[in-house]
Structures are given as C-alpha cells and as structure tokens.
Amino acid sequence: MNKDQAIEKIKKCLRLSKSANENEAAQAFKHAQALMREFGVTDIDVEMSEIIEASVNIPVAIPKWQFILFEICERAFGVDGYIYRSWGAVTGKQMAHFRFYGMSPKPKLATYAYEVLLRQLRAARREYIATKLKRVKLAKNKIYRADEFCLGWVSTVYRKVEKFAVGDEEQQKLGIYRNRLNLTKTSKPRTINASSSAKRAGYGDYAEGYDKGKDAQLNHAMSGAESKRIRGI
C-alpha cells in the first residue's frame with residue numbers, strides 16, 4: 001500500500017468513525033490513526049486529497065485572450081489554476097500546460113468547458129482570418145488583429161459567466177493547496193509588435209469578435225445545472 005492508497009483507506013475509516021455504532025466508530029477511528037502514523041499522513045494531507053487537478057496543453061507563448069478563457073472556466077466552476085512548464089523528454093522542447101485544481105469533479109468540468117469553447121473560438125478565428133483578414137500581408141499584423149478578434153469573443157463569453165459561489169471551508173482548502181504548490185513565477189501574455197494601422201484596425205476586429213462571441217455554445221454533455229454555470233451558452 002502506498003501513501004495515496006493509505007489516504008483513501010484513512011478517509012473510509014474516518015467516514016465509518018461517524019457510525020451510530022459506538023464500538024464500530026471507535027475501531028474505525030483507531031485504525032485511521034494507526035494508518036496516519038504508519039504512512040506519515042497528516043490531517044492536512046487528508047483534506048488536500050479531496051482536491052484534484054485536470055490539465056490542458058497550451059502554447060508556450062500564451063495570448064491574452066487565452067488567459068481570459070482560463071479565467072472564464074475558473075469562475076464558472078469554482079476552481080483555480082496555474083501554468084506548468086516542462087521540457088519534452090523526446091523533443092527536448094519546452095511544453096506548457098494549464099492546470100485547473102479544485103474539489104472533484106469541478107476541475108474536469110472546467111477542462112471540458114475550456115476545450116469546447118477553445119474549439120469554437122479557433123474555428124471563428126480561422127473563418128475571420130480567411131474572410132476579413134485575407135488582404136493583410138504582414139504576419140505580425142494578421143496575428144495581432146486576429147488576437148483582437150479573439151479578445152472580443154472571450155469578453156462576450158466572460159460577461160455571460162455566472163461566478164460559482166465557493167464556501168469559506170472550500171476557499172480555505174484551495175488556499176492551503178495553492179500555498180503548497182509554492183508558485184513563484186507568473187506568466188505574461190505574448191506581445192505582438194504590430195503596426196500603428198493594424199492597432200487602429202484592431203478596434204473593429206475586437207467589435208467583430210464581441211458580436212461573434214454571442215454565438216458561443218457549450219455542449220450538453222454536462223448536466224443542466226453544470227451548463228448553467230455559463231448563462232446563455
């Protein structure tokens with residue numbers, strides 16, 4: 001039995017320790033204490049085991065609109081998140097992931113919502129580039145203006161989000177978990193050195209994206225209560 005398995009057994013014993021049968025409850029609590037001593041498990045370890053992570057792959061250079069998309073899913077499902085970077089063992093290239101964490105199963109729901117919305121946004125971005133930006137020659141200007149379109153799109157979706165109310169106890173657990181992660185680095189969105197004319201045109205691109213974002217939809221694979229976390233989607 002490893003530590004994770006021991007924690008699951010400890011949790012089971014602690015649930016049994018609330019039994020109406022006093023003898024059974026006492027034996028279960030005693031067994032839980034013995035396992036905690038044997039495997040060096042603390043009360044905090046048991047509490048933190050209720051928190052899970054779910055991750056998605058992201059580009060190393062992250063655009064601003066993608067940060068907002070992370071926040072949309074965090075708000076909708078009452079989770080937090082962080083960016084994790086690593087080096088590929090085979091490719092030798094840097095990789096990046098966004099990890100949602102929170103009480104099970106919320107991080108998995110947030111990941112699902114993120115992937116669904118990202119697919120729709122990418123499709124809308126491709127269509128916008130092919131139709132409205134096809135005459136833009138410089139790659140940096142095209143990327144900048146497409147990013148502005150995406151910013152408008154996610155801004156609309158953000159306004160639809162109903163923030164998930166997280167209780168004080170859950171907030172405290174998330175805070176402890178965050179501190180244990182010992183995160184020291186923050187990531188900044190990528191910057192595009194676009195021309196002045198592209199930046200002026202970007203206002204219109206943002207407006208187009210804002211209007212297009214009204215078409216965003218969330219697949220009904222999640223329950224009605226879960227999908228209502230994002231109103232109108």
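## Terms and basis

A residue is called buried when its relative accessible area is under 20%, exposed when that area is over 50%, and partly exposed in between, using a 1.4 Å probe and protein chains only. Helices (H or I, at least four residues) and strands (E, at least two) are DSSP runs, numbered from the N terminus.

This is a predicted model, in which local features need pLDDT of at least 70 and side-chain atom pairs count only at pLDDT 80 or more, whereas totals for chains, interfaces and linings use all residues. Residues are numbered from 1 along each chain as its sequence is written, and side-chain values use heavy atoms, with hydrogens and water left out.

## Helix H8

Helix H8, residues 196-212, has 17 residues and reaches 25 Å from its first C-alpha to its last, close to the 24 Å expected when 1.5 Å is multiplied by one less than the number of residues. H8 bends by about 30° at Gly202, the bend being the angle between axes fitted to the seven residues ending there and the seven starting there.

Gly202 is also one of the buried residues of H8, together with Ala198, Asp205 and Gly209. These buried residues pack against H5 and H6, where contact means heavy atoms within 4.5 Å.

## Aromatic pairs

The structure holds eight aromatic pairs; rings of Phe, Tyr and Trp (its six-membered ring) pair if their centres lie within 6.5 Å, and planes under 30 degrees apart count as stacked, over 60 as edge-to-face and the rest as tilted. Phe70 and Phe98 form a stacked pair, 3.9 Å centre to centre with 10° between the planes. This pair links distant parts of the chain, with Phe70 in helix H4 (residues 64-77) and Phe98 in strand E3 (residues 94-103), 28 residues apart, and both Phe70 and Phe98 are buried.

Tyr101 and Tyr177 form a tilted pair, 5.1 Å centre to centre with 35° between the planes. Because Tyr101 lies in strand E3 and Tyr177 in helix H7 (residues 168-181), the pair ties together parts that are 76 residues apart in sequence.

## The nonpolar core

A nonpolar core is a set of buried Ala, Val, Leu, Ile, Met, Phe, Trp, Tyr and Cys residues joined through side-chain atoms within 4.5 Å. The largest has 37 residues, and those that touch the most other members are Ile58, Ile72, Tyr114, Leu117, Trp153 and Val154. Helix H5 (106-131) is among the elements that each supply at least two residues, and the largest share, ten residues, comes from H5.
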